[in-house]
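User: I'm new to reading protein models and I'd like to learn how to do it. Could you walk me through this one, feature by feature?

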Amino acid sequence: MRLKTSLLKEPKHGELVSCVGWTSADELYSCSDDHHILRWNLLTNETSVVVKLQEDIYPIDLHWFPKTVSGKKQAVAEIFALTSSDGKLHLVSKSGRIEKSVEAHKGAVLAGRWNHDGTALITAGEDGQLKIWSKSGMLRSTLAQQGSPVYSVSWAPDSSRLLYTSGRQLIIKPLQPSSKLLQWKAHDGIILKVDWSAVNDLILSGGEDCKYKVWDSYGRLLFSSAAHDYPISAVSWAPDGELFAVGSFSTLRLCDKTGWSYSLEKPSTGSVFSLAWSADGTQLAGACGNGHVLFAHVVEQRWEWRNYEITLTKRRTMQVRNVLNDAVDVVEFRDRVIKASLAHTHLVVTTSMQCYVYSVKNWNTPLIFELKEGTVSLILQAERYFLLVDGAEVYVYSYEGRLVSSPKSPGLRMDILNSQSISLSNDTIAIRDTTDERVVFLFEALTGKAIGDGKPFIHKMEVVLIALDQCGSSNDRRLALIDKNRDLYLTSVRKLGRADSVYKIGTMVHTLAWNDSANILCGVQDHQLTVWYHPSVVFVDKDLLPKTICTKDSSELSGSPQIMSYVGSQVTVRRVDGSLVCSAVSQYPTLLHEYSSSARWEDALRLCRFAKDQTLWSCLAGMAMSSRELSTAEVAYAAIGEVDKVQYINLIKDLPSKDSCAAHVLLFSGRVQEAESTLLQANLVYHAIQIHINLYNWDRALELAVKYKTHVDTVLAHRMKFLQDFGKQETNKRFLQYSEGVDVDWEKIQAKIEMEFAKEREQAANATVRSSVSIRR
């Protein structure tokens with residue numbers, strides 16, 4: 001990936017250009033010390049003078065009023081804030097008329113920025129003051145008073161805090177008066193520019209020490225560049241938070257969000273004072289010291305999937321290469337490409353007007369449909385559907401181009417969603433809330449309605465990353481999430497709210513990805529590549545989880561690596577320096593998942609016997625118990641030496657009725673409540689009571705006996721024996737109450753128990769007869 005830059009032969013401005021700002025994807029305004037504001041039309045390549053400012057107004061910073069607020073379009077007149085060297089703040093209309101001018105600071109106003117919803121404007125001055133203004137230009141408050149000039153300022157993603165410079169220090173100040181500010185030394189020279197991404201919550205800074213740095217919102221350094229030849233005079237995040245641009249003297253650099261550099265351009269521009277991205281993130285403009293306005297667009301982006309490699313060669317042209325046979329196809333579009341995604345045998349491309357869907361089997365006739373908005377910020381693909389986020393709404397389409405659903409949730413800011421905060425599978429959409437990061441909304445992909453009772457999943461702390469598994473039935477859909485402690489949790493999507501629906505399966509996990517063809521999870525855990533071959537085993541037998549994990553030493557993945565994809569048996573990881581590392585994973589677990597999902601248990605056993613791997617046997621044990629395939633589970637547990645579980649499985653196999661068998665399988669997984677409900681529905685009350693007696697849940701056993709008026713004496717007898725064995729006296733008031741007037745006769749109790757088992761055997765026999773009669777009919 002790189003930037004393709006373009007400059008006019010002769011500059012349109014007579015003096016240095018101080019600031020630039022996009023009104024749309026094809027229109028730009030530029031301000032210069034020659035007092036002119038120019039409008040640039042990129043479609044017609046025309047440049048026109050909007051207005052000539054007064055001779056005493058030297059513009060410094062320009063920022064357009066935000067066009068979208070919380071994902072909704074603004075119905076307000078288009079204006080921009082213009083700051084100048086005479087200490088004034090000007091509100092200027094699109095036609096160039098100055099709507100209002102106010103005395104803002106003593107000395108130059110060095111920066112002016114609208115917050116994300118357009119309700120407030122911050123200005124920073126040479127006098128060291130920070131002031132907040134209303135939309136109409138009325139002073140609200142003076143936020144800070146510094147001893148040195150504030151060169152740059154930026155709003156937090158939620159507009160509740162401000163980031164500004166103070167010499168070599170960076171300061172984050174909350175707007176609430178009682179809150180503490182965060183301050184740290186960031187550079188060895190004066191900091192000239194900062195930017196705070198609304199999408200990824202990362203901070204970018206550049207200074208006179210000739211370095212640019214990436215920070216998190218707690219002030220922790222994530223990346224520091226090598227020293228350049230000249231001070232860093234401009235930095236800017238791309239709208240989707242995946243890239244950023246850095247400007248210096250005759251230097252323009254394109255970087256990944258983690259800091260490493262994609263490309264370095266050396267245009268003849270003089271110092272680059274300001275950089276601005278277009279709303280669709282495909283174009284970049286720079287304000288240059290020699291009077292030029294620098295234009296650049298992103299080219300040579302690459303997408304890979306299995307044996308296909310796709311490169312964006314020009315703004316409207318892609319080259320498709322099949323590495324197996326070296327076949328090359330060229331795909332051309334009517335408008336410039338904004339976003340693309342390649343997965344699950346389909347290429348999805350969005351331009352400024354349309355969406356193109358290609359099958360890898362046919363690159364000549366794509367399916368094309370019109371888009372409501374031309375600023376698609378994210379594409380996600382699953383096997384059946386793909387999802388588009390356009391800043392205002394989320395749309396789910398089938399690969400035939402049919403709009404399937406459009407999930408909505410009040411207060412959700414679609415404009416800051418990214419690949420870590422939204423996930424798609426064949427039947428489910430998961431979206432992390434943009435206001436409360438502990439909350440994850442879950443929707444049906446087919447209808448767009450909330451799953452179940454509509455309540456979201458609420459984690460105990462902020463969630464960093466979410467990912468839905470891609471295979472299997474919707475009832476077994478799992479959501480993996482990493483929280484701010486870097487702990488990895490697995491939850492069952494359609495059984496939220498239950499105590500056994502969330503399990504912690506890993507710690508110190510930095511990045512993860514699900515396999516595209518089996519529910520296998522991989523992640524980088526404490527500088528090791530870890531693969532959970534069967535993570536759902538925690539819902540069946542959590543003791544097996546450690547035995548189904550494979551770890552590989554990945555000391556070469558130092559820093560903060562990012563898993564790019566897990567396709568087939570290959571995991572692709574992006575290192576912190578930008579290089580790609582591919583790691584092969586055993587294909588046996590994928591085969592085992594395939595055999596399990598198609599109930600080919602004999603083939604699964606044959607595979608495990610061939611591989612002679614304890615990890616595979618452990619996976620098979622969990623899969624067989626989940627499918628209630630007890631014979632296979634017995635063999636698998638025996639192979640890993642779990643004798644106690646083999647005995648319990650034999651006990652389950654000897655049970656006469658299906659209901660009792662199903663209840664004990666649930667009990668095997670620790671799901672006591674479900675086991676009890678299954679037995680009560682089958683009218684096997686004694687068996688439900690016996691479960692709680694065996695687990696020493698005495699209160700619940702007595703409660704059931706009293707409720708159904710049966711086997712109260714049985715519960716009391718077992719309780720008495722339990723206390724006698726431990727030499728203790730009864731202190732429970734309920735047991736003392738019911739033991740009065742009840743004689744414990746073990747012979748009678750034993751006879752009653754035998755009658756219960758006989759009744760169960762009779763029920764099972766009758767059920768068998770009924771089923772055989774219906775089959776004959």
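Analyst: Happy to. Helices (H or I, at least four residues) and strands (E, at least two) are DSSP runs, numbered from the N terminus. Leu-163, for instance, lies in strand 17 (residues 161-166). Keep in mind that this is a predicted model, where local features need pLDDT of at least 70 and side-chain atom pairs count only at pLDDT 80 or more, while totals for chains, interfaces and linings use all residues. Residues are numbered from 1 along each chain as its sequence is written, and side-chain values use heavy atoms, leaving out hydrogens and water.

User: How many helices and strands does the chain have?

Analyst: There are 12 helices and 57 strands. The C-alpha atoms fill a box of roughly 110 × 65 × 50 Å along the principal axes.

User: Is Leu-163 buried or exposed?

Analyst: The general idea first: buried means under 20% relative accessible area, exposed over 50%, and partly exposed in between (1.4 Å probe, protein chains only). Leu-163 has 0% relative accessibility, so it counts as buried. Across the chain, buried residues make up 55% of the 777 residues.

User: Which residues is Leu-163 in contact with, leaving aside neighbours within four places in sequence?

Analyst: Contact means heavy atoms within 4.5 Å. With those neighbours left aside, the partners of Leu-163 include Val-153, Leu-170, Ile-172, Val-194 and Trp-196. For a sense of distance, take Met-755: it sits 592 residues along the chain from Leu-163, and their C-alpha atoms are separated by 76 Å. Over the chain, 43% of the contacts with a separation of 6 or more are between residues 24 or more positions apart.

User: What is a nonpolar core, and which residues touch the most other members of the largest one?

Analyst: In soluble globular proteins, nonpolar side chains tend to be buried together. A nonpolar core is a set of buried Ala, Val, Leu, Ile, Met, Phe, Trp, Tyr and Cys residues joined through side-chain atoms within 4.5 Å. The largest one here has 60 residues, and Leu-488, Ile-505, Leu-592, Leu-620, Met-625 and Tyr-637 touch the most other members. Helix 3 (residues 614-626) gives the most to this core, with eight residues. A second, separate core of 21 residues includes Ala-663, Ile-693, Ala-705 and Val-712.

User: Can you zoom in on a couple of residues around there?

Analyst: Not counting residues up to four places away in sequence, Leu-592 touches Ala-604, Leu-607, Cys-608, Leu-616, Cys-619, Leu-620 and Met-623. Then there's Ala-636, found in helix 4 (residues 630-639). Ala-636 has 0% relative accessibility and so counts as buried. Beyond its neighbours within four places in sequence, Ala-636 is in contact with Trp-617, Leu-620 and Ala-621. Ala-636 and Ala-621 are 15 residues apart in sequence, yet 5.0 Å apart in space, C-alpha to C-alpha.

User: Why is helix 6 described as largely enclosed by the rest of the structure?

Analyst: Count its buried residues. Nine of the 11 residues of helix 6 (residues 658-668) are buried, so the helix is largely enclosed by the rest of the structure. Among them are Ser-660, His-664 and Phe-668. Just after helix 6, Gly-670 takes a positive phi of about 85 degrees.

User: Which side chain makes a polar contact with the side chain of Arg-413?

Analyst: A polar contact is a pair of N or O atoms within 3.5 Å; within protein, one must be able to donate a hydrogen and the other to accept it, and residues adjacent in sequence count only if both atoms are side-chain atoms. The side chain of Arg-413 makes one with the side chain of Asp-415 (3.2 Å). A polar atom of the Arg-413 side chain also lies 2.8 Å from the backbone oxygen of Pro-157. Arg-413 is in the loop between strand 42 (403-405) and strand 43 (422-424), and is buried, with a relative accessible area of 13%.
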